[in-house]
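Here is a short briefing on one protein model. Please keep the sequence and the 3D view open while reading.

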Amino acid sequence: MGTKDFRAAVKAAGKDDGLGDGQVKMVVSVFGNVDSHGDIVMPGAFADTLKAWKASGDPIPFIWSHQWGDPFSHIGAVTEAKETAQGLEVTAQLDLSFAKGKQVFALLKGRRVTQASFGYTIDDAEWVEKTAEDGAKYEVYELRKLSLIECGPCLVGANQETELLAAKAAELRGRALPAETLPHLKAMRDSIDGAIATAEAVARKTSGDEPDATDNPSADQTDTSGQPDDREANDSPDDGQGEESSAQSPSSKSAQVRARLLLTSIPTEGD
């Protein structure tokens, strides 16, 4: 499962914009834009999944910032969803009977939150070669058919995750950490390694360069003394990601998010 985030998503919110109290209209996916992962959502990508949702009689969940595990982040439901020339446009009714739904609605109405996101799985996609205006060749991963899982507002897009990781890592640097945090740190390291490996693989594929064995994050490493690295074999990420886009590899695609969650959950001395 993957997630995508988009800027300038709020089109209308509340009675002042001709909607009902607690209602918002947002564009949660934009067609034709190549994102930082090299993916591009194509028109028609949501046609089948919207039909399936309608036939099921169930509402599409409207969730704050992909926080599926928090029941209070399920802030409402989509009342209308359609594809437009711009992208996937939804109208949602937020639940104003509890604090989080009311607060998120205030953020949307005040344009303090202006981005939206959606969760999805891929049903049909393919790498396609494109030609830039200067004649340069590049490849994009066309997402042609998606199954929509949920959608909703978020504060920042996925490209800001690296900044959050760097800030938290700097906070932890040099601090004494309890021994029980070691599994968390290893999992965080592997998540970051996976994200880096995917980014490097996509960059090589776009530039046309062949993968270099030295770029393999799972290759055996030795230090200057000839001793092997103390990482266990199963701690290293799979180097088979080089031929996949981030959309094809859910584990690497959400690596930065997982690492951020792991970082925030690590206890320190005195906690």
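The points below cover a cavity, strand pairing, and a few individual residues.

This is a predicted model, in which local features need pLDDT of at least 70, side-chain atom pairs count only at pLDDT 80 or more, and totals for chains, interfaces and linings use all residues. Residues are numbered from 1 along each chain as its sequence is written, and side-chain values use heavy atoms, with hydrogens and water left out.

**Cavity**

- Rolling a probe the size of a water molecule over the atoms shows where empty space is left.
- A cavity here is a set of points on a 1 Å grid, over the protein atoms alone, where a 1.4 Å probe fits but cannot get out.
- Grid points are joined across faces, edges and corners, and a volume is the space filled by probe spheres set on the points.
- The count is one cavity of 30 Å³ or more.
- The largest cavity holds about 40 Å³ of space.
- Its lining (residues with an atom within 4 Å of a point) consists of Lys-4, Phe-6, Val-30, Asn-33, Asp-35, Asp-39, Ile-40, Val-41 and Leu-143.
- Strand E1 (2-6) and strand E4 (39-41) are the elements that give two or more residues to this lining.
- E4 gives the most, with three residues.
- Helices (H or I, at least four residues) and strands (E, at least two) are DSSP runs, numbered from the N terminus.
- By class, the lining has five nonpolar, one polar and three charged residues.
- Nonpolar covers Ala, Val, Leu, Ile, Met, Phe, Trp, Tyr, Cys and Pro; charged covers Asp, Glu, Lys and Arg; the others, Gly among them, are polar.

**Strand pairing**

- Two strands pair if DSSP finds at least two bridges between them.
- E4 pairs with strand E9 (residues 137-154) in the parallel sense, over three bridges.
- Asp-39 stands opposite Tyr-141 in E9.
- Strand E8 (residues 115-131) runs antiparallel to E9, joined by 16 bridges.
- Glu-126 stands opposite Glu-142 in E9.
- E8 and E9 form a hairpin with five residues between them, and Gly-135 in the turn has a positive phi of about 90°.

**Gln-93**

- Gln-93 lies in strand E7 (residues 87-94).
- Is Gln-93 buried or partly exposed? Gln-93 is partly exposed because its relative accessible area is 28%, where buried means under 20%, exposed over 50%, and partly exposed in between (1.4 Å probe, protein chains only).
- Leaving out residues up to four places away in sequence, Gln-93 touches Asp-21, Gly-22, Gln-23, Ile-75, Gly-76, Ala-77 and Thr-79; contact means heavy atoms within 4.5 Å.
- A polar atom of the Gln-93 side chain lies 3.1 Å from the backbone oxygen of Asp-21.

- His-66 has a phi near 60°, a positive value in a residue other than glycine.
- His-66 sits in the loop between strand E5 (61-63) and strand E6 (74-83), and is buried at a relative accessible area of 16%.
- Arg-111 is not a glycine, yet has a positive phi of about 60°.
- Arg-111 is in the loop between helix H2 (99-109) and E8, and counts as partly exposed at 37% relative accessibility.

**Thr-49**

- Thr-49 lies in helix H1 (residues 47-56).
- Thr-49 counts as buried because its relative accessibility is 7%.
- Thr-49 touches Leu-146, Ser-147 and Leu-148, not counting residues up to four places away in sequence.

Conventions:
1 Å grid on protein atoms, 1.4 Å probe; cavity = no way out; pocket = protein on both sides within 12 Å on 5 of 7 lines; lining within 4 Å. Polar contact = N/O pair within 3.5 Å; in protein donor to acceptor, adjacent residues only side chain to side chain.
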